[in-house]
Structures are given as structure tokens and as C-alpha cells.
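Here is a short briefing to read with the model open beside you.

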Amino acid sequence: MLDQVGRGEFGVVRRARLKRKDSDSCNDIAEDTATLAVKELVFDFKKEGFPVEALRELSIISSMQHPNIVKVIAIATGKDSSSSSSSSSSSSSPSRSTTGSSTESPQALPKWYLVMESVDHSLKELIAGAAETEPFREGQVKDLVLQLLRALAALHARGIMHRDVKPANILVTK
């Protein structure tokens, strides 16, 4: 893991570097060394179990395939590193998740991770930077709005409403 890039309702997002080996099965990643975003889902399993809202988010984002929506590479789970036994597994198919072996201690808390493509900036960061240097040009604004509307249209076509559209949640590549 590299550095923390964000925090949301269900977890912490960190950048990570993937170092591919010949045997790796991450066919969705073209580069030998890639930077990824890893969202560690954080909630109290003992008290609340797996929140329905988090399941909904995982299901929606892993099923979306659109050029203006962040791509999910895998959903992974393992046990908390503070437990005596630690395991991790992942799925190269983002719509399926896997769990550790059934022989693990029931006291060990599961950790869930959403592995996604890394995106350079949030719109919030770019707006802050533009306020200090130069404002966006009209063409840039039009391009960003068009891409945002395309992403929202793809969600709406599937009957999904985002409910949290804000500059911090709009991710922008170069």
C-alpha cells in the first residue's frame, strides 16, 4: 500500500502498487507494474453484520462497465492481520467475491477490499488547484460535464440513482 487518497462512508481508499508475476491472473491490467486504488471496507461486523448499503454499492459498481465509471478489478476478502491466522483471496471477476477457508477462527474479523483502477484526481482537488492558479477553460468544463452526464445516464438507464454526486466523488484522469 502506498498512501491514503480518500475516506468515505464505508471505508478508506489507498493507492497500491501491483507487481505482476508471470503467474498472476489479473488479465484486466495491461502493465507489468500498475497503480491501483484499494478501498478497505470498514464497518463493525460484530454489531451490524455486512451493511445492506455496502452490498448494494459493491454490486452496482462491480457490474458497471462504462468509460466514465471507475473500473472494479476485483473484490477481495481476508482476515484481520491482528488475528492468529491470516488469509486472503480475490476474484479476477469483479462481480463475484470469494471468502477465506471455512476452517478459520470465527473470532477473526473479515476484511473486505474493493480493488479498482487508480484515478489521478477528484474534481474537488482540481477546483481547489484552479482557484489558486487559473480557472477552468469553457471547453474543459463542457468536457467534464459531458462525461459526468454520460456516467449518470448509464446509471439511470439501469434504474440506479447515485445519491452522492459531489466534487469529491467525481474522479478525473489526465
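Leaving aside its neighbours within four places in sequence, which residues is S122 in contact with? They are P167, A168, I170, L171 and V172, where contact means heavy atoms within 4.5 Å. Please keep in mind that this is a predicted model, in which local features need pLDDT of at least 70 and side-chain atom pairs count only at pLDDT 80 or more, while totals for chains, interfaces and linings use all residues. Residues are numbered from 1 along each chain as its sequence is written, and side-chain values use heavy atoms, with hydrogens and water left out.

**The chain as a whole**

- The protein chain has 4 helices and 8 strands; helices (H or I, at least four residues) and strands (E, at least two) are DSSP runs, numbered from the N terminus.
- Read from the N terminus, the order of elements is β-β-β-α-α-β-β-β-β-α-α-β.
- Of its 174 residues, 30% count as buried; buried means under 20% relative accessible area, exposed over 50% and partly exposed in between, with a 1.4 Å probe and protein chains only.
- The accessible surface of the chain is about 11700 Å², and carbon and sulfur atoms make up 50% of it; such areas come from the Shrake-Rupley method with a 1.4 Å probe, and for residues only the protein chains shown count as cover.
- Among contacts with a separation of 6 or more, 56% are between residues 24 or more positions apart.

- Helix α2 covers residues 52–63, and its 12 residues reach 17 Å from first C-alpha to last, close to the 16 Å expected at 1.5 Å a residue. The expected span is 1.5 Å times one less than the number of residues.
- The buried residues in α2 are A54, L58, I61 and S62. Down the axis of α2 they fall within an arc of 95 degrees, so they line one face of the helix; the arc is that of the directions from the helix axis to the C-beta atoms.
- As background, an α-helix has 3.6 residues a turn, so residues three or four places apart point the same way.
- Helix α4 (residues 138–157) has 20 residues and reaches 28 Å between its end C-alpha atoms, close to the expected 28 Å.
- In α4, the buried residues are A151, L152, A154 and L155. These fall within an arc of 155 degrees seen down the axis of α4, so they too line one face of their helix.
- What do the buried residues of α4 pack against? Their partner is α2.
- E138, K142 and A157 are exposed residues on the face of α4 turned away from its buried side.
- Just after α4, G159 has a positive phi of about 75 degrees.

**The aromatic pair**

- How many aromatic pairs does a search of the whole structure find? The search finds 1, counting rings of Phe, Tyr and Trp (its six-membered ring) whose centres lie within 6.5 Å; planes under 30 degrees apart are stacked, over 60 edge-to-face and the rest tilted.
- F50 and W112 form this edge-to-face pair, with 5.2 Å from centre to centre and 85 degrees between the planes.
- F50 lies in the loop between α1 (45–48) and α2, and W112 in strand β6 (residues 110–117), so the pair ties together parts 62 residues apart in sequence.
- W112 is buried, at a relative accessible area of 12%.

- Strands β1 (residues 4–7) and β2 (residues 11–19) run antiparallel and are joined by 3 bridges; two strands pair if DSSP finds at least two bridges between them.
- A hairpin of 3 residues connects β1 to β2, and Q4 stands opposite R14 in β2.
- T35 belongs to strand β3 (residues 33–41) and is partly exposed at 24% relative accessibility.
- Not counting residues up to four places away in sequence, T35 touches R15, A16, R17 and S118.
- T35 and L2 are 33 residues apart in sequence, with 9.2 Å between their C-alpha atoms.

- S122 sits in strand β7 (residues 121–122). Is S122 buried or exposed? S122 counts as buried, at 9% relative accessibility.
- I127 is in helix α3 (residues 123–132) and is partly exposed at 38% relative accessibility.
- Beyond residues up to four places away in sequence, I127 touches F136 and P167.
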